[in-house]
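I opened the model to look up how its parts meet. These are my notes.

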Amino acid sequence: MQLKKTEKRLFGTNGVRGIVGTEMTPGLALEIGLALGTMRPGTVAVGRDTRTSGPALASALKAGLLAAGCDVVDCGILPTPALQFLVRAHFDAGAVVTASHNPPEYNGVKVVEPDGTEMGDEESIALEKHIFEETSRMAGWERVGRERAAKNLVEEYVDAVTRAFPPSIGEDMTVVADPGCGAAAATTPEILGRMGCRVYSLNCQMDGTFPGRLPEPSPEGLSPLADLVTATGARFGVAHDGDADRAVFVDEKGNFIEENVEFGLIADHVCRGRQGVIVTPVSTSRLLEVIAQRYGCRVVYTPVGSIYVARTMIALAAQGTPVVLGGEGNGGLIYPGHQLCRDGGMTAATMVSLLARTGEPLSSLVSALPHFTFMKEKFREKDPRGLIARLADHFSGENLDFTDGIRINRGDSWALIRPSGTEPLVRVMVESASEEKAHQFYEEIMGFVRK
Ligand code: MG
């Protein structure tokens, strides 16, 4: 079973996104609202992250939905996974005004299907078609929708995450949360507190200028988090991107945990005693395969993008295959028993449960994992498809995988060369169990590319 990527004009890997005022305008938000309202009549939930442009864009989006005849429930500022959870429980569709991890000048819209998953390729193309061909339907005066606010609904999400774990599992555990002034300010510290943890937080004021750090939770922006973790004797620090579908961690010594290592740790916790499948894109570390094999699980690969992971999980489950975990090597993990989308709050809560079970310092758990050398590069390329074809030819004697771009599997090493979904760039990733082999493989690929 293989999902294929298809061309979209407005939608990228995770919704529509762009710089506010030029690419992402209230006009476009209105068009998206009208088109979504045409496709998904009924009651639509709308939420947003903390960006300064959020109120203007959300108002326009709601105007479109109402004009198309949908009723709108405004859930206010909340994480994308919280809105996804609410849509699956109560609504006919949803939309979140967010640019996720992008800098403050960006904003966008993620569209949510009735089952809580992000809108897939085919439906996104149909939505774009309504916009470009101006086929959205406008309701008459007697059919326009009504709006109500339900800012307290987020409580249901916090409850659901907390209830997925035994009560007070985090007792005696000190933790630090850094929502980065984003949407998780209202949820993650609350979730951790209800699990019994003593919670310190920073960047917990909702502020779309992101004064503490950028919405991308990269290691460079997390030194205040690391400092607070060591100063308070916390077991870990957790940080989110702007809309909190992703979570990243620092250990008790304040060291950043690379996201593939995080995925491996969580998989080692979640797969214990369960047999089934882990779904992840071809860009994820082989560490995951090593962990899966420990428990008799296996890894199923998808193209890069969380919607491909979620849709593959749904398809596998429909065929009767037990799916244990899904996710990407960027801190975006999917827990199928909870919901079929990436959930940063759930990942923070899972880390509490992991540490409560092992009783060990997070840094020891990290150093006990097998080590892989991971190298990344990106470069401009006018003809990415031509390059992939030339690579396929050059490496034709090897084990090749064309799920997304080209992946060359060579023993305990692999390389992935794939065109970016959003920019005229090609991304190269190389990984090996041996540092020397990783460098050699990387030079081999880059040597060919430079020619
Ligand atoms: Mg995000």
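**Domain 1 against domain 2**

I took the C-alpha centres of domain 1 and domain 2 and found them 26 Å apart. The model is predicted, so to speak for local features I need pLDDT of at least 70, and for side-chain atom pairs pLDDT 80 or more, while totals for chains, interfaces and linings use all residues. Numbering runs from 1 along each chain as its sequence is written, and side-chain values use heavy atoms, without hydrogens and water.

I noted the bounds: domain 1 is 11-155, domain 2 is 164-367 and domain 3 is 373-450. They come from an automatic or database domain assignment.

Next I looked up contacts (heavy atoms within 4.5 Å). I found 31 residues of domain 1 touching 34 residues of domain 2.

Then I checked buried area (accessible area, 1.4 Å probe, lost by two parts on being put together, summed over both). Domain 1 and domain 2 bury about 2400 Å² between them, and 56% of that is on carbon and sulfur atoms. In domain 1, I see Thr50, Pro81 and His101 losing the most area to domain 2, together 22% of what that side buries.

I looked for salt bridges (a side-chain nitrogen of Lys or Arg within 4 Å of a carboxyl oxygen of Asp or Glu). The rule finds four across this interface of domain 1 and domain 2. I also looked up the salt bridge of Arg194 with Glu155, where the closest N and O atoms are 2.8 Å apart.

Last, I sorted the side of domain 1 that touches domain 2 by class: nine nonpolar, 13 polar and nine charged residues. I counted Gly as polar, and Asp, Glu, Lys and Arg as charged.
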